[in-house]
Amino acid sequence: MSEQGERTTSEGGPVTVLQLDGLRASVAGKEILRGVDLVVRSGEVHAVMGPNGSGKSTLSHVIMGRPGYEVLGGTITLDGADVLAMAPHERAAAGLFLAMQYPTEVPGVSLEAMLTEALVGAGRVAAVGEVRTRMVAEAERIGFDERFLQRPLNVDLSGGEKKRNETLQLGVLQPRIAILDEIDSGLDVDALRDVSRRVEAETNERGLGVLAITHYRRLLTELRPDVVHVLVRGRIVATGGPELADELERSGYAGFTEDASEPEEPTRDVGDPLQDPFADPLP
Ligand code: ADP
Ligand code: MG
């Protein structure tokens with residue numbers, strides 16, 4: 001973990017800073033993020049925990065610039081550059097990466113074609129053979145079957161395979177800051193360990209900064225956070241060390257929602273994964 005004010009990571013690379021100030025955003029005309037402040041630096045692992053519907057995925061989508069999400073106020077900067085002024089592909093080229101909670105299926109486009117385009121688009125021209133070599137090496141590191149590499153992106157993959165696929169992309173693209181939206185959902189214990197170790201290696205070896213969004217402390221026993229934030233109804237209501245995740249495990253989110261001035265609104269039914277952490281919320 002890098003200390004505040006330091007200019008290089010422990011590996012000697014430049015420190016990247018993702019900063020959110022007073023971020024407010026709406027989707028479908030409803031304000032979901034109601035003033036989020038967050039700073040993630042190279043080498044740091046931040047966890048964002050919160051109940052279903054609290055705006056965790058919305059936060060990830062707004063940072064990456066997914067269409068349909070309207071920013072009502074506040075700023076997002078990456079090393080001082082205005083992220084909100086960038087198109088999603090420019091955000092990716094600038095070093096932001098999102099592992100989606102529900103990875104999109106893209107029939108007709110292979111993982112290799114997508115990663116090649118992404119590296120070319122980021123100005124990091126990679127020979128096709130080189131991309132394949134990196135993909136194979138990454139697949140081996142996280143126990144991802146090589147036969148998936150030539151298949152259309154995410155098509156007919158199980159929930160867990162999709163999450164390994166996302167992790168493989170992270171390893172090949174080598175972003176500066178990665179947002180992992182429920183990377184643990186659908187993963188069994190062994191796969192969760194493989195994926196967590198891979199991400200942790202990136203933080204230690206390359207100084208990757210991580211925003212790990214999750215429901216469960218389970219992920220955080222593998223991917224150890226430096227900082228834990230609790231997101232409730234679109235606001236960060238508590239920030240602390242890993243012990244905050246232990247407290248949530250014991251007492252749930254109830255203690256954190258009581259302070260909210262308005263009642264919790266009903267949200268989309270994605271099952272009750274608190275009862276079954278291994279549940280894959282995909283239909
Ligand atoms: P979380 O990831 O914390 O479970 P989300 O960010 O997915 O929460 O959702 C926050 C709120 O925004 C929920 O009430 C959800 O129903 C609503 N929401 C999210 N995406 C959309 C959308 N595309 N259209 C309408 N409502 C949405
Ligand atoms: Mg979500």
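Predicted model: local features only at pLDDT ≥ 70, side-chain atom pairs only at ≥ 80, totals over all residues.
Modeller: Local features need pLDDT of at least 70 and side-chain atom pairs count only at pLDDT 80 or more, while totals for chains, interfaces and linings use all residues; side-chain values use heavy atoms, without hydrogens and water, residues are numbered from 1 along each chain as its sequence is written, and chains are lettered from A and ligands numbered from 1 in the order in which they are written.

Colleague: Where do Glu202 and Arg198 lie?

Modeller: Both lie in helix α6, 4 residues apart, which is about one turn of the helix; helices here are DSSP runs of H or I with at least four residues, strands are runs of E with at least two, and both are numbered from the N terminus.

Colleague: Is Glu202 buried or exposed?

Modeller: Glu202 is buried, with a relative accessible area of 2%, and Arg198 is buried as well, at 4%. Buried means under 20% relative accessible area, exposed means over 50%, and partly exposed is in between, using a 1.4 Å probe and protein chains only.

Colleague: Which residues are joined into one network?

Modeller: Salt bridges that share partners join Glu138, Arg198, Glu202 and Arg206. Within it, Glu138 forms a salt bridge with Arg198, with the closest N and O atoms 2.7 Å apart; because Glu138 lies in helix α4 and Arg198 in helix α6 (residues 189-206), this pair ties together parts that are 60 residues apart in sequence.

Colleague: And how many salt bridges does a search of the whole structure find?

Modeller: The search finds 13.

Colleague: Changing topic, which protein donors does the magnesium ion have?

Modeller: They are Ser57 (OG) and Gln101 (OE1), lying 2.1 Å from the ion, which is ligand 2. Donors are N, O and S atoms within 2.8 Å of the metal (3.2 Å for Na, K and Ca), and since water is not among the atoms, sites may look incomplete. Ser57 sits in helix α1 (residues 56-64) and Gln101 in the loop between β6 and β7 (106-110), 44 residues apart.

Colleague: What about the sheet, in what order do its strands come?

Modeller: The sheet is open, with 6 strands in the order β6-β9-β10-β3-β11-β12 and mixed pairing, where two strands pair if DSSP finds at least two bridges between them. The edge strands, β6 (96-99) and β12 (235-240), each pair on one side only.

Definitions and conventions. Salt bridge = Lys/Arg side-chain N within 4 Å of Asp/Glu carboxyl O.
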